[in-house]
Amino acid sequence: MAESVNRLGEYLRARRELVRPEDVGLPAVGRRRVPGLRREELALLAGISSDYYLRLEQGRDRHPSEQVLDALARVLRLDDDATAHLHRLARPAPRRRQPRRPERVPAGIQQLVLSWTRNPAFVQSRYMDILFANPLAIALSPLARPGVNVVRALFLDPEIREAHGSEAATAGVVAGLRALVGPDVDDPPLAELVGELSVRSELFRRLWARHDVKPKAGAGMSTFQHPQIGPIELGYEKLAVTGTEGQLLVVCHAAPGSPAEQALALLSGLAADAGRDSLSGPGGDPGGGPESAPGAVGPRPSPDGWLRS
């Protein structure tokens with residue numbers, strides 16, 4: 001990472017501006033020219049000198065001790081995930097840039113995903129690009145269609161915005177993206193995505209500037225509002241794909257004997273029928289993979305758990 005980039009200082013400044021004086025026991029009196037805490041207030045509460053804190057924020061000192069970082073995290077009211085992110089910013093791992101190549105899902109993972117006929121499954125990149133999906137996942141949600149970037153769709157696709165435009169969903173996706181990439185925010189693919197969204201979405205620009213970091217849960221429940229079948233409550237698991245740079249395998253599952261299991265069986269039949277119709281109609285390609293597989297039945301459903309968890 002270039003020495004001129006001051007990720008630690010940017011993070012400290014952003015988080016300092018989000019802490020109100022009353023949050024840390026200071027009286028909120030008088031007129032304040034800056035949002036949040038003043039530098040000297042944060043330094044005093046963390047037990048360090050104002051000059052030293054200023055050097056940290058301006059990037060003139062890049063090697064704070066773990067004790068100093070923990071003290072700053074306490075005053076900034078950071079949770080465990082955000083505190084770990086603060087430590088990573090102060091001690092970023094060296095990263096060698098490799099020529100950018102198309103990201104591919106390992107063949108064995110592709111076969112595994114396609115073998116699940118009753119479990120919606122897809123693989124996403126560390127930038128939340130959908131790389132591979134089985135037909136049932138695509139039938140469940142167009143967000144799972146290969147080629148879709150979940151962050152871009154959430155902020156720029158009007159239908160997705162209408163379905164998922166809550167503050168919790170949008171903030172959660174942005175915080176999850178920061179957690180996936182960690183300190184490496186100058187990675188070219190991410191810089192391209194952030195640059196586009198910052199220009200085209202004021203909401204994204206504001207949320208990205210907060211520097212929130214919140215890893216998405218590795219497991220949970222999500223309710224999908226499917227236009228033809230109705231609500232489908234599914235569990236999901238997120239599994240790291242070893243040997244890749246941050247790919248995640250997401251698998252949905254229904255409780256045995258539940259209405260959701262029956263709904264998935266019905267949805268699987270609809271996806272299979274749509275696939276046969278597509279292959280027999282104009283332009284059908286019997287050799288197409290999940291990228292060409294149909295199954296986006298009806299308008300966009302609402303997988304809240306994928307976004308917020």
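Reader: Is W208 buried or exposed?

Author: Buried means under 20% relative accessible area, exposed over 50%, and partly exposed in between (1.4 Å probe, protein chains only). W208 has 12% relative accessibility, so W208 counts as buried. The model is predicted: local features need pLDDT of at least 70, side-chain atom pairs count only at pLDDT 80 or more, and totals for chains, interfaces and linings use all residues. Residues are numbered from 1 along each chain as its sequence is written, and side-chain values use heavy atoms, with hydrogens and water left out.

Reader: How many aromatic pairs does the structure hold?

Author: A pair of aromatic rings is described by the distance of the centres and the angle of the planes. Rings of Phe, Tyr and Trp (its six-membered ring) pair if their centres lie within 6.5 Å; planes under 30 degrees apart count as stacked, over 60 as edge-to-face and the rest as tilted. The structure holds two such pairs. In one, F155 and F204 have ring centres 5.3 Å apart and planes at 85°, so this pair is edge-to-face. F204 and W208 are stacked, at 5.7 Å centre to centre with 15° between the planes.

Reader: Are F155 and F204 buried or exposed?

Author: F155 counts as buried at 6% relative accessibility, and F204 is buried with a relative accessible area of 0%.

Reader: What lies over the face of W208?

Author: A charge sits over a ring if NZ of Lys or CZ of Arg is within 6 Å of the ring centre and within 35 degrees of the ring normal. R178 lies over the face of W208, 3.7 Å from the ring centre.
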